[in-house]
Amino acid sequence: MASAFRIIIVGGGIAGLATAIALRSLNRKIIVLEQSSFNREIGATISLQPNASKIVERTWDLSRLLHEKGSMMDEGFQVYSLDGELQFRIPLSTTEKYGAERMLYHRVDLHDALKERATSDKWPGEPAQLHVSSRVTHCDCEDGVVYTESGQTFQSDLIIGADGIKSVVRDSILGTKVPALRTGHSAYRMILPVYKLLTECKAFCDVVDPTASYTTMIMAHNRRMIMGPARNGSVYSIVAMVPDEGINEDASNTSWTTHGDIKKMRETFADFPEWARSPLSLVADGEVGLWQLRDIDPLPTWTKGRAILVGDAGHAMLPTQGQGASQAIEDAEAVGAFYADIASTIAGKKAPSFEQIKTINEKIFACRYQRATTIQQYSRQAAKPATEEESAKIKMSPSEFMDYNCNYNGALEWAREQEKNQEKDVEVSVIGREVKAGAQEVSV
Ligand SMILES: Cc1cc2nc3c(=O)[nH]c(=O)nc-3n(C[C@H](O)[C@H](O)[C@H](O)COP(=O)(O)OP(=O)(O)OC[C@H]3O[C@@H](n4cnc5c(N)ncnc54)[C@H](O)[C@@H]3O)c2cc1C
């Protein structure tokens, strides 16, 4: 009798939906359990770097759908100082160098496109089922059972922990809670209709064209504004980063995303150029989100038995490299690639054994850990002056790091490169031993 490969994905954010896309196939039953009802998103844009945009737009065939929703290619960035002077303007085209563009989306559009690609029957493979308002409390990583707050249990062969920075699957894998670390920064985020900027913020539009596909930054010592368009230039997103202590957080909030106090926000940016802060007076109460920026330390592992972590659950990082969602997408592609041969195409094939699942999860972890951790650490280092210990860890310059981030062509190629490098390391260490042996002989 046909025995489907049963997969439970905990969390329907970018990582969870992306993993559902990467895993969907014949003879697989995928259920995504999402705690929210998906109707509370305060607008913001999100960028995908070339390493991830090529997976989303090409491998998963979402280019047309995202284009219809108004995706934009980021054409460059410009930086202004606190006194309003243009510091530099750099056009950016990454296709030639990295094989894809840096793309800008409205977060809701990217999320909706991933959701459609994971759950609609328009694409090949069994569509994933999405259960909203299903909050998971814990799971049994050996037996593959997932428990929800409402008392439901789900039996599975594979559990994907895509439940973000406060992951409960992570608690079950590690047997302990991992603190999300304060970074000293928070970000107000808001999105404005461009017609409103054009009609009511002339001073701003005289300096920045809000319809142009450019990322604009205004930098002060401890605050910065990062802005850019979305939806074909019809809306404009502003992220305003501030030190934590300047703001009134709602301590009872369980997510670290809450509504921002617009009065406080305007006061915090009072010394910014008049044109730069003028859009802040266009937003009303309830239209500004406040995002406390947290990350986690690298974990000892992401996997145990049938369970594995993806996205922020495994490696939450700061947005300074714009790589959080991109790394989640790389994780998802890796899970799809390593499970590609398992019970996918032959109807009636038995579900994979515990040993098979455990071994594949360990291979995914081995392939992904070093890369995601390096990017996570660099993102933390870029947010604040690094301690000596931290800067000793990462030796790359920003442009070398950009190459490291963006020169990526999927998990299997990366794993092959890792293997080759390990072989080189073995050769080097053998030579090293010989040299040392020789030196000892000399000293004797
Ligand atoms: C200010 C800011 C700007 C950013 N900008 C960028 C950017 O431009 N580019 C980029 O690549 N990244 C960016 N990031 C990072 C990026 O948003 C995250 O890395 C990415 O969203 C992680 O996706 P995720 O699915 O792993 O986690 P999340 O987006 O947190 O999704 C987790 C999902 O799991 C659900 N969930 C949680 N717990 C449970 C549970 N117990 N049971 C069931 N469901 C649960 C949640 O409701 C949620 O839907 C930014 C982050 C910040 C803070």
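In the predicted model, a backbone N or O atom of A15 is placed 2.9 Å from an oxygen atom of the ligand. For R135, an N or O atom of the side chain is found 3.3 Å from a nitrogen atom of the ligand. On its own, the ligand has 1,000 Å² of accessible area, and the protein covers 85% of this.

The ligand is surrounded by 29 residues, and A15, E34, R107, D312 and A325 are the closest. By residue class, the shell comprises 12 nonpolar, 12 polar and 5 charged residues. At least two residues of the shell come from each of α1 (14-23), β3, β18 (289-295) and α12 (324-338). The element that gives the most is α12, with 3 residues.

Strand β3, which contributes to the ligand shell, also belongs to an open sheet of 3 strands. The order in this sheet is β3-β7-β4, with antiparallel pairing. Because β3 (45-48) and β4 (72-73) each have a single partner strand, they form the edges, and one side of each is left without a neighbour in the sheet. Strand β7 spans residues 103-106 and is joined to β4 by 2 bridges, the two strands running antiparallel. Within this pairing, M73 has M103 of β7 as its bridge partner. In general, the strands of a sheet pair through backbone hydrogen bonds, in either a parallel or an antiparallel manner.

Key. Residues are numbered from 1 along each chain as its sequence is written. This is a predicted model: local features need pLDDT of at least 70, side-chain atom pairs count only at pLDDT 80 or more; totals for chains, interfaces and linings use all residues. Side-chain values use heavy atoms; hydrogens and water are left out. Two strands pair if DSSP finds at least two bridges between them. Helices (H or I, at least four residues) and strands (E, at least two) are DSSP runs, numbered from the N terminus. A residue is near a molecule or strand if one of its heavy atoms lies within 4 Å of it. A polar contact is a pair of N or O atoms within 3.5 Å; within protein, one must be able to donate a hydrogen and the other to accept it, and residues adjacent in sequence count only if both atoms are side-chain atoms. Accessible areas come from the Shrake-Rupley method with a 1.4 Å probe; for residues, only the protein chains shown count as cover. Ala, Val, Leu, Ile, Met, Phe, Trp, Tyr, Cys and Pro count as nonpolar, Asp, Glu, Lys and Arg as charged, and the others, Gly among them, as polar.
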